[in-house]
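Let's learn to read some side-chain contacts together, one feature at a time. Have a look at the structure first.

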Amino acid sequence: MKYELLDFNIHGNHDGNLVALESKQNIPFDIKRVYYIWGTKRDIIRGKHAHLKLEQVIVCVSGSCDFILDDGQERQSIHLDNPAKGLYIKHNIWREFTNFSPDCVIMVLASEHYDEADYIREYETFRKEIK
C-alpha cells in the first residue's frame, strides 16, 4: 500500500519540544497547502475520498484518531497519537478517519493546491479507477 509512517526529529530541552517540517527534507514533496481539522466528534467519519495525484503528510498535533486506508485490495488502520510522527499517504488511496479524541487536532500538508477534479468521492468510482 502507498503509505508510510515518517518519524520527525524532536528538538528541545526541558523548556519543551519542537518539530520542524520542511519541503523535500523530512516532507517528501514541495508543500503547497496546509490545513488543520479540530472539533470533530468521536464517531464521525471524515475523509471518505481518494486523490488522483495529491500526496499528503498528516500529523496529529494533539490528541488521537484512527485512519483507515484502502488501496482497493486491502484495508489498514493506523492510529495517530504522536506529533513527532507523520502519516505519508500517496495518491490513489481511499482514506477515512474516525475515533477522534476530544482534543484531537490534525494538520495536513499537501503536495498540491486544492483542486476538486483531483478528488474521487465515491468508493465504487475509486475501485474502477485503480484497476
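Q: How many aromatic pairs does a search of the whole structure find?
A: The general idea is that rings of Phe, Tyr and Trp (its six-membered ring) pair if their centres lie within 6.5 Å; planes under 30 degrees apart count as stacked, over 60 as edge-to-face and the rest as tilted. Here the search of the whole structure finds 8 aromatic pairs. One of them joins Trp94 and Phe126, a tilted pair with 5.7 Å centre to centre and 45 degrees between the planes. Keep in mind that this is a predicted model: local features need pLDDT of at least 70, side-chain atom pairs count only at pLDDT 80 or more, and totals for chains, interfaces and linings use all residues. Residues are numbered from 1 along each chain as its sequence is written, and side-chain values use heavy atoms, with hydrogens and water left out.

Q: Which parts does the pair of Trp94 and Phe126 tie together?
A: Helices (H or I, at least four residues) and strands (E, at least two) are DSSP runs, numbered from the N terminus. Trp94 lies in strand E10 (residues 94-98) and Phe126 in helix H1 (residues 123-130), so the pair links parts that are 32 residues apart in sequence. Phe126 also forms a tilted pair with Tyr123, at 5.8 Å centre to centre and 40 degrees between the planes.

Q: Is Phe126 buried or exposed?
A: Buried means under 20% relative accessible area, exposed over 50%, and partly exposed in between (1.4 Å probe, protein chains only). Phe126 is buried, at 0%, and Trp94 is buried too, at 3%. Tyr123, at 26%, counts as partly exposed.

Q: How many disulfides does a search of the whole structure find?
A: A disulfide is a pair of cysteine sulfur atoms within 2.5 Å. The search of the whole structure finds 0 disulfides. Cys60 is in no disulfide, and its nearest cysteine sulfur, that of Cys104, is 4.0 Å away. Cys60 counts as buried at 1% relative accessibility, and Cys104 counts as buried at 5%.

Q: How many salt bridges does the structure hold?
A: A salt bridge is a side-chain nitrogen of Lys or Arg within 4 Å of a carboxyl oxygen of Asp or Glu. The structure holds 6 salt bridges. Among them, Arg75 meets Asp70 with the closest N and O atoms 3.2 Å apart; Arg75 is partly exposed at 49%, whereas Asp70 is buried at 2%. Another joins Glu116 and Arg121, with the closest N and O atoms 2.8 Å apart.

Q: Which residues do salt bridges that share partners join into one network?
A: Asp70, Arg75 and Glu96 are joined in this way.
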